[in-house]
Each structure stands twice: as C-alpha cells, then as structure tokens.
Amino acid sequence: MVYPSQAFKALATAALLSQSVIAHPTHDLTKEIAERNAFYKNSRRDLTHCKDFLHKRGIEDKQRKRRQAALEMARGKILDRDLQSVTNTSHLSDLNVTPTTVGVEEIIYSNSSCILSPEGEIGPYYVLGEYVRQNITEDQLGVPVIIDAQFINVATCEPVPNLMWDLWHANSTGVYGGVIGSSNGNPDDLSNLNNTFLRGLQLSDADGVAQFDSIFPGHYSGRATHMHVVGHLNGTILPNGTYTGGTIAHIGQLFFDQDLITEVNLLPPYVDNAIAITENVNDRVVAVEVENDADPFFNYVLLGDTVADGLFMWISMGVDTTASYSYSAAAELTSAGGVVLS
C-alpha cells in the first residue's frame with residue numbers, strides 16, 4: 001500500500017489552512033485540522049481493512065448470484081490511492097442499475113472500492129435543525145440526482161443502522177440556502193436565511209443505507225464542486241419533522257469526476273455560473289481527503305441517454321461510532337425561521 005509522503009501531508013495541511021481564507025474568509029479550520037490529526041493517531045483511516053469481511057458477507061446471502069454478476073462487470077479491486085490517481089480515475093460505473101433495480105443496494109455495495117476517510121471538514125455553511133426528508137430539491141433547477149450512501153462501522157466492518165445522514169450543498173449557481181455570507185450569493189438578501197433548499201436528513205436502514213433526491217451541485221469561488229455530509233447518532237426527530245440532539249460521529253465532503261462536472265456545467269442553468277472553476281486536483285479538501293488511501297468520489301450511472309436526464313450516484317463511508325466531533329454552525333432553523341449563530 002502506498003501512502004503519501006510526510007512532505008505531501010505537510011503541504012496539504014498548509015494548503016488547507018491558507019486556502020480556507022480564500023474560499024471562506026470567516027471560517028477557521030485550525031480546530032478541525034487538530035481534531036482530524038488526533039483521530040488519525042487512534043483510529044482506522046478508511047475501509048480497506050473491511051474488504052474481505054464485506055466480500056464474504058456479500059457472497060453468502062440470497063442475492064449472491066446477482067451480486068457476483070455485478071462484480072464481474074465492475075472495474076476492479078481496491079487500488080492504492082493518491083491525489084493524482086483518484087482525481088484522474090473515472091467513477092462512471094458500467095453496472096446496469098437504476099434506483100428501482102431489484103437488489104440495487106446489494107449490487108452497488110458489493111464492490112467496496114469506494115471508500116472515504118472517517119472524518120473531514122464541516123465547512124462554514126452548516127445549519128442546525130433541518131428537516132428529515134428524502135427530496136431536498138424544492139424549487140431548485142438542475143440535473144436531477146438520486147444519491148445513495150452506505151455507512152460502515154470502521155471498527156466492526158458492519159453497516160451502521162439508525163444513523164441520521166445530514167446532507168447539504170450549493171445550488172446550480174453556487175449558493176447555499178439557509179445562510180448569509182459575503183461569499184454566498186447576495187449577502188444583502190436576508191430572506192435566504194429562511195431558505196431550506198438542498199438541505200435535509202435521512203435515517204439509514206438496517207443495511208446502513210440512506211438515499212436523497214436532489215440536483216447536481218454548482219460551484220463557487222475557491223472550491224471544487226462538492227457536497228457536505230454529517231453523520232448523527234442518537235438524536236431526536238421533533239414533531240415538526242426536524243432533527244435535534246445526539247452526537248456527530250462523521251464529518252466529510254463528497255466529490256465528483258472532473259469530466260462529469262465539465263459536462264454538467266455546459267447545461268442550463270449551470271452554464272450561467274460565471275465563477276471560475278476550481279478543479280478537483282487543485283482543491284484543498286480533496287487533497288486532505290485522499291491522504292489516507294481514501295476515495296471521496298461518487299460512483300455513478302446515467303439515468304437516461306445523457307447527463308441531462310439525471311444521475312444515480314453512490315458511495316460508502318466509514319464511521320467511528322464511538323467518536324463525538326465538535327462543530328460550528330452558521331445558523332439554526334427554528335420555528336420562527338433561520339437564526340444566525342456565527
């Protein structure tokens with residue numbers, strides 16, 4: 001197994017600190033980086049050690065033949081990863097699946113080559129108290145996506161049921177709903193504080209799987225196209241359908257193939273976004289996420305003849321269920337609307 005050199009890790013950390021000022025002027029990553037480093041001293045860094053376990057469990061259940069056929073179509077085994085190899089690898093799958101394919105979750109997760117470091121950066125636009133819902137699109141226009149994720153316990157290699165997956169991302173022009181910021185669209189539009197578009201939570205099932213309906217995200221200055229993810233445990237769903245309490249056992253960001261981003265950005269309304277693209281290979285968070293032999297990129301298939309028809313995307317994420325990470329939130333959704341916190 002090949003790991004990046006200490007010099008590369010030092011450079012990546014330095015880049016993370018310096019570029020954070022460019023992308024989000026008010027967001028200090030020092031504490032998050034310290035937590036990440038402390039985590040890596042005492043915990044497994046990805047899901048490579050689970051490969052044999054997951055494979056054994058997969059071929060012994062009732063869907064063995066179907067998954068085996070899917071495996072033969074898949075592109076290969078877990079490979080050593082670094083920044084260049086991950087960002088240059090196509091994650092367009094040749095599996096013949098859609099979200100309604102019988103046994104689809106068993107098919108797509110039977111190949112555990114898509115793995116993610118257990119802890120990452122929460123970012124400056126996290127909002128507390130969002131709604132538990134599968135469809136987070138609301139009135140936002142863009143390429144429709146169905147996003148499927150499986151959460152795996154990094155200690156036991158078993159699925160993590162009853163994990164509340166918190167997902168949020170920018171719209172087609174790079175704006176986050178629910179927050180006000182100098183680098184988030186029009187900072188004078190105070191009504192955006194009450195917006196809930198492209199934010200939501202979903203509970204993982206017995207197989208550790210949860211799913212969202214959304215749109216492909218747009219980009220903004222200084223960052224590659226991405227989505228944010230937080231994994232909550234032991235919280236409460238309130239009568240109004242929002243989520244509160246519990247602990248945070250996972251923080252991360254998810255990315256997309258550069259070729260796919262380029263293709264999407266040629267379509268309306270993405271083509272109207274005049275902000276310069278930051279490519280994956282130049283993104284500070286991608287560099288840190290791939291340090292530990294991880295691949296934070298979605299696998300995907302087209303839902304029709306072209307990208308414009310929609311995408312089905314999936315990824316596996318490693319979770320340390322004993323962890324409890326601190327975080328900073330920009331706002332909170334309350335019964336009276338959005339409230340600024342920091």
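I136 is located in the loop between β1 (127–128) and β2 (144–153); helices (H or I, at least four residues) and strands (E, at least two) are DSSP runs numbered from the N terminus. The model is predicted, so local features need pLDDT of at least 70 and side-chain atom pairs count only at pLDDT 80 or more, while totals for chains, interfaces and linings use all residues. Residues are numbered from 1 along each chain as its sequence is written, and side-chain values use heavy atoms, with hydrogens and water left out.

- Apart from neighbours within four places in sequence, the contacts of I136 are L167, H169, F197, L198, R199, G200, F212, D213 and S214, where contact means heavy atoms within 4.5 Å.
- A distance of 8.8 Å separates the C-alpha atoms of I136 and W168, which are 32 residues apart along the chain.
- T196 belongs to the loop between β3 (164–168) and β4 (199–203).
- T196 also counts as buried, because its relative accessibility is 12%.
- With residues up to four places away in sequence not counted, T196 touches E130, Y131, R133, E138 and L333.

**Aromatic pairs**

- The structure contains 10 aromatic pairs; rings of Phe, Tyr and Trp (its six-membered ring) pair if their centres lie within 6.5 Å, and planes under 30 degrees apart count as stacked, over 60 as edge-to-face and the rest as tilted.
- In the pair F255 and F297, the ring centres are 5.9 Å apart and the planes stand at 40°, so the arrangement is tilted.
- Because F255 lies in strand β9 (residues 247–255) and F297 in the loop between α8 (284–289) and β10 (299–302), this pair ties together parts that are 42 residues apart in sequence.
- Both F255 and F297 are buried.
- F312 and W314 form a tilted aromatic pair, with 5.5 Å centre to centre and 45° between the planes.
- F312 is buried, as is W314.
- One aromatic cluster is made up of Y125, Y176 and Y220.

**The chain as a whole**

- The chain has eight helices and 13 strands.
- Of its 342 residues, 54% are buried.
- Of the contacts between residues at least 6 apart in sequence, 77% join residues at least 24 apart.
- The accessible surface of the chain is about 14600 Å², with 53% belonging to carbon and sulfur atoms; accessible areas come from the Shrake-Rupley method with a 1.4 Å probe, and for residues only the protein chains shown count as cover.

Technical notes. Buried < 20%, exposed > 50% of the residue type's maximum accessible area, 1.4 Å probe, protein only.
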